[in-house]
Every structure is written in C-alpha cells, then in structure tokens.
Amino acid sequence: MPSVTGEIQAEFAVRSGLTQLVHKYHASPLKIAKTFRYENETISQDTPPAEQLGVYMMDCSPGLMSGDHYEITMRLREGARVFLTNQSFTKVHPSAAGSGSTQRQTLYLEADALLEYIPEPLMLYKDANLAAEMEVHLAPGSVLILSDVLCPGRTQRGEIFHYTRYTNRLKVRYANELIYYQNQRIEPAVMPLTAPGCWEHETHLGNLYVYSDRLKHQHLEALLECLETLNGEGSHMRVGASLTYKYGLIVSVLGRHAWEVQIALSQAWHEIRRSLFALTPLMVHK
C-alpha cells in the first residue's frame, strides 16, 4: 500500500442530545471544512424532527495525482446521526504507466447510528488510474445511505472513457457478517463499453446503496413506483433497483450527464428517507 498523502479520521457521538464531532484528525490536502446542523422536516406531525449533524470534507489540492493515497475513516457512536458530503468533484489526474492513485475508506456505525454519505461525483481524467475501496461495519439498528456517481472524463474536452483503469471494491459487514461484496473493474481500452447490455449510449453511472436491518420488500416497491417515470419514453436514463442478499437495497442509474444522474439518485434518496424515517431534508447549508 502506498504511503498516505491525505487523511481524515473523525468520530461522532451524541452529547447532551445532539450529535457532535468529538474527535478529528486530518492531514493535508484533506480536511473537514466545517460542520453544521442539518435540518430535517417531518412528513408526519406525529414524528418529531430528527436531529442530525452535517459535515463537509474538503480537498485543498487539485485532486488525486499519480502515486497519491487517501485514507478516510469515519466512526459513528451509538445513536449518532450524520450527513456527510464534500465540496466538489473528486478529480483523478493522469497517472504514469505502471502507477496510479488509491483511496481507502472505512466506516464504523454503532447501534442505531445513521450515516448519509452523499459525495459529489468522481471525475476520471484522461490516463487516470484509480483503485478505490470501502469497508463498512454496521451494528444492529444502524443505517447507511451511500451514493456514488462515476463520470467518464471531462466530456466538454472530448474525454469519454479515456481513463486507463478504475477499480472499486465495497465490503459491508453487519454484526461481523459479510452481507455484501462488490468488486468493480473498468478498463475502457480492453472492454466493449458501448456494446448492447453494457453502457451502450450512456456515459455516467450512479448508485445509491441503502443498508439497514429494517428494510422490507415494501420499501423496494415504493422506490420502484417513485422511479417509474425515469424509465419512461423519451428518457435518456436507465434505472433499476433491487434488494441485496441481506439488509440492503441498491438503485443503479445510467445516464449521459452527471446532473441528471444526481437528480435521479436524489429522488431515490428522498423516497427512502420518507419510507424508512418519515423524513425529508429541509435545507443544506454550504
């Protein structure tokens, strides 16, 4: 594993009834820019508004350079509720032959903790080579809502699938049991990405992952109904959703622009918040 060139460690806990950032460490160029009260609005008058802490991560460099390695570790103690995002696209710059960039993220959620991790899209420049991995540890009652959007390059400069390689591994453990494992690899130069059944005419991929032991088939049905219009006639997107082997639900979106994929994922995210928690975001302070 390469030496760490950027790092964030953060721990959140409930103090006096409010989620607070109780420990943090960062190494440049990564840092926690600020925290704020993330406001929620209840759908039902019988449900009190949920207290939640918002957190912005920032990369004060131009992005991941060849040979860079980022480490991000988040720990949520029992009952902590956090909305986590970053301030701009994660940009991965060209790598020299035989080299690349790496990023490892580890999330720990204790009982009844909630983490909503909605970062900005990932942008792979021409000749970029990124190996990313995430490991999630869930306790009973905890909930993780995670999104990602993958861009094919700087499309306005003609960079469409000109990156070298992208790998993304995701492991989710619930009470020490491995309940989900994803191993994604994209190498545009050797893969027929425009073939039928693959990306075809689409260029941007987005996913929304939801992990909770309270998920039921009814949540999937409500979500599919909510997303039905996105697969309609005239749409340039393809959308699908399914339950995983255990305690998980995934929404996948293929589109031609990052913004339209983000809108579709936001629609799915809001529906999951409504059906799981009877909540909807009120506002986000930047």
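Trainee: How many aromatic pairs does a search of the whole structure find?

Mentor: The model is a predicted one. A search across the whole of this structure gives a count of aromatic pairs, and that count is eight.

Trainee: Which class describes the aromatic pair of Tyr174 and Tyr247: stacked, edge-to-face or tilted?

Mentor: The ring centres of Tyr174 and Tyr247 lie 4.6 Å apart, with 55 degrees between the planes. Planes under 30 degrees apart count as stacked and those over 60 as edge-to-face, with the rest taken as tilted. The pair of Tyr174 and Tyr247 is therefore tilted.

Trainee: How many residues apart in sequence are the parts that this pair ties together?

Mentor: Tyr174 belongs to strand β14 (residues 165-174), whereas Tyr247 sits in the loop between β17 (238-243) and β18 (248-255). The pair therefore ties together parts whose separation in sequence is 73 residues.

Trainee: At roughly what angle do the axes of helix α1 and helix α2 cross?

Mentor: Two packed helices are described by the angle between their axes and the distance between the axes. For helix α1 (residues 217-227) and helix α2 (residues 258-277), the axes come within 10 Å. The crossing of α1 past α2 is right-handed. The angle is roughly 145 degrees.

Trainee: Which residues of α1 meet α2?

Mentor: On the α2 side, the contact involves Ala264, Gln267, Ala268, Glu271, Ile272, Arg274, Ser275 and Leu276. By class, the contact of the two helices has eight nonpolar, three polar and two charged residues. The α1 residues are His219, Ala222, Leu223, Cys226 and Leu227.

Trainee: Which strand gives the most to the lining of the largest pocket?

Mentor: The largest pocket has a volume of about 710 Å³. Of its 41 lining residues, the closest to the centre are Thr90, Gln103, Gln105, Tyr117 and Pro119. The lining divides into 23 nonpolar, 13 polar and five charged residues. With five residues, the strand that gives the most is β13 (residues 143-151).

Trainee: Is the peptide bond from Ser28 to Pro29 cis or trans?

Mentor: Pro29 is placed in the loop between β2 (18-27) and β3 (30-37). Omega for the bond from Ser28 to Pro29 is near 15 degrees, and the bond is cis.

Trainee: What is the phi of Asp127?

Mentor: Most residues other than glycine have a negative phi. Asp127 is found in the loop between β11 (122-124) and β12 (129-138). Although Asp127 is not a glycine, its phi is positive, at about 70 degrees.

How values were computed: Residues are numbered from 1 along each chain as its sequence is written. This is a predicted model: local features need pLDDT of at least 70, side-chain atom pairs count only at pLDDT 80 or more; totals for chains, interfaces and linings use all residues. Side-chain values use heavy atoms; hydrogens and water are left out. Axes are lines fitted to C-alpha atoms, for helices over the stretch in contact, and angles run from 0 to 180 degrees between N-to-C directions. Helices (H or I, at least four residues) and strands (E, at least two) are DSSP runs, numbered from the N terminus. A crossing is left-handed if the near helix is turned anticlockwise from the far one by less than a right angle, and right-handed if clockwise. Contact means heavy atoms within 4.5 Å. Ala, Val, Leu, Ile, Met, Phe, Trp, Tyr, Cys and Pro count as nonpolar, Asp, Glu, Lys and Arg as charged, and the others, Gly among them, as polar. On a 1 Å grid over the protein atoms alone, a cavity is a set of points where a 1.4 Å probe fits but cannot get out, and a pocket is an open set with protein on both sides within 12 Å along at least five of seven lines; lining residues have an atom within 4 Å of a point. Grid points are joined across faces, edges and corners, and a volume is the space filled by probe spheres set on the points. Rings of Phe, Tyr and Trp (its six-membered ring) pair if their centres lie within 6.5 Å; planes under 30 degrees apart count as stacked, over 60 as edge-to-face and the rest as tilted.
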